Amino acid sequence: MSIAVKGPIVLVGAGNMGGAMLAGWLKSGIAGGDLLVIDPGPPPSMAKLLADNGVRHSTSAPAGIKARVVFLAVKPQVMESALPPVKGLVGSETVIVSVAAGKTLGFIERHLGEAATVRAMPNTPAMIGRGVTGAFANARVREAQRALVHDLLKVSGPVEWVRTEADIDAVTAVSGSGPAYVFYLVECMAEAGRKAGLEADLAMRLARETVAGAGELLHQSPDDAARLRQNVTSPGGTTAAALDVLMGEGGMQPLFDKAIATARKRAEELAGSR
């Protein structure tokens, strides 16, 4: 995939998420000269990536530049101080993309003015190109800008556009926080295996590889999750016995309903407090 850009792409913040996207952009064929990274102290591995690919780096927002895209990848707790210096980079043709959790379009607008802005929520597998991102664009984002942002986000995995900004809170609860749920599933499976008599290290290896393999099968298969579950479940067998517990009253679905609702409520609270 080759991404055509007309003007500099400015990445504010070169941490894990920003660095993953930058690496994806370079791999997609974007020239280092079309990229500008603003970060007061990128980690050594990122500094090497910048130098090796001719990516411009600045410790603060330079004057005299209007960006094609300003990509905000700083931590939410430092956005308040990071945004004002960036305002000078925003011109009439600029689209702003924020991946900071809990930072609303209104918050960004208060600091950077009325501009074409996209609020996006990737998740941590984006760091290996296997993430998924939910995104919402305000009314000022033109179709060409949306297409460009889609391509820039897609280097980290699929992009799903939602209908309202409020939907980003649900995206945060499901996929943004979701990797932690899967990791905890591995912990629970391993602990149950230990209690069933396996050595702890063996139980963890079995659980880890089972979840990783099942995820890859789900990724590659044309079948949906329900069909894949049914394929591995023999009537009256061991899997069916376990699923009777997991799918029974008080099982996984009501627990996930409660967990997702609680996470969404917290996302709404964080957005409302900023």
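**Notebook: rings, charges and cores**

I began with glutamate 191, which is partly exposed at a relative accessible area of 33%. My scale calls a residue buried under 20% relative accessible area, exposed over 50% and partly exposed in between, with a 1.4 Å probe and protein chains only. The model is predicted, so I noted its limits: local features need pLDDT of at least 70, side-chain atom pairs count only at pLDDT 80 or more, and totals for chains, interfaces and linings use all residues. Residues are numbered from 1 along each chain as its sequence is written, and side-chain values use heavy atoms, leaving out hydrogens and water.

**Salt bridges**

I count a salt bridge when a side-chain nitrogen of Lys or Arg lies within 4 Å of a carboxyl oxygen of Asp or Glu. Both residues lie in helix H7, three residues apart, about one turn of the helix. Arginine 194 is partly exposed too, at 39%. Helices here are DSSP runs (H or I, at least four residues), strands likewise (E, at least two), numbered from the N terminus.

I then looked up helix H2, residues 44-52. There aspartate 52 and lysine 48 meet in a salt bridge at 2.7 Å, N to O. They are four residues apart, again about one turn of the helix.

Arginine 266 is partly exposed at 46%, and glutamate 269 is partly exposed at 39%. Elsewhere, shared partners join Glu109, Glu114 and Arg140 into one network of salt bridges. I put the total for the structure at 12 salt bridges.

**Aromatic pairs**

How many aromatic pairs are there? I get two. The rule takes rings of Phe, Tyr and Trp (its six-membered ring) with centres within 6.5 Å; planes under 30 degrees apart are stacked, over 60 edge-to-face, the rest tilted.

Next I checked the pair of tryptophan 25 and phenylalanine 71. The count of two aromatic pairs includes this one. Its rings are edge-to-face, 5.1 Å centre to centre, with 65° between the planes. Tryptophan 25 is in helix H1 (residues 16-28) and phenylalanine 71 in strand E4 (residues 69-72), so the pair ties together parts 46 residues apart in sequence. Tryptophan 25 is buried at 0% relative accessibility. Phenylalanine 71 is buried at 0% as well.

The other pair I noted is tyrosine 181 with phenylalanine 256, which is edge-to-face because the centres are 6.1 Å apart and the planes stand at 75°. This pair links distant parts of the chain: tyrosine 181 is in helix H7 (residues 178-195), phenylalanine 256 in helix H11 (residues 252-272), 75 residues apart. Tyrosine 181 is partly exposed at 24%. Phenylalanine 256 is partly exposed at 35%.

**Charges over rings**

I looked for NZ of Lys or CZ of Arg within 6 Å of a ring centre and within 35 degrees of the ring normal. Lysine 103 lies over the face of phenylalanine 107, 4.4 Å from the ring centre. The charged end of arginine 146 sits over the ring of tryptophan 161, 4.3 Å from its centre.

**Cores**

Where does tryptophan 25 reach? Setting aside neighbours within four places in sequence, I find contacts (heavy atoms within 4.5 Å) with Ile9, Leu11, Ile30, Leu35, Phe71, Leu152 and Val155.

A nonpolar core is a set of buried Ala, Val, Leu, Ile, Met, Phe, Trp, Tyr and Cys residues joined through side-chain atoms within 4.5 Å. The largest one has 35 residues, and Leu22, Trp25, Phe71 and Leu152 have the most contacts inside it. Helix H1 gives the most to this core, with five residues. Another core of 21 residues lies apart from it, and includes Ile38, Val70, Ala82 and Val90.

**Whole chain**

I list 11 helices and eight strands. Of the 274 residues, 40% are buried. Among contacts with a separation of 6 or more, 62% join residues 24 or more positions apart. The C-alpha atoms fill a box of roughly 70 × 40 × 30 Å along the principal axes.
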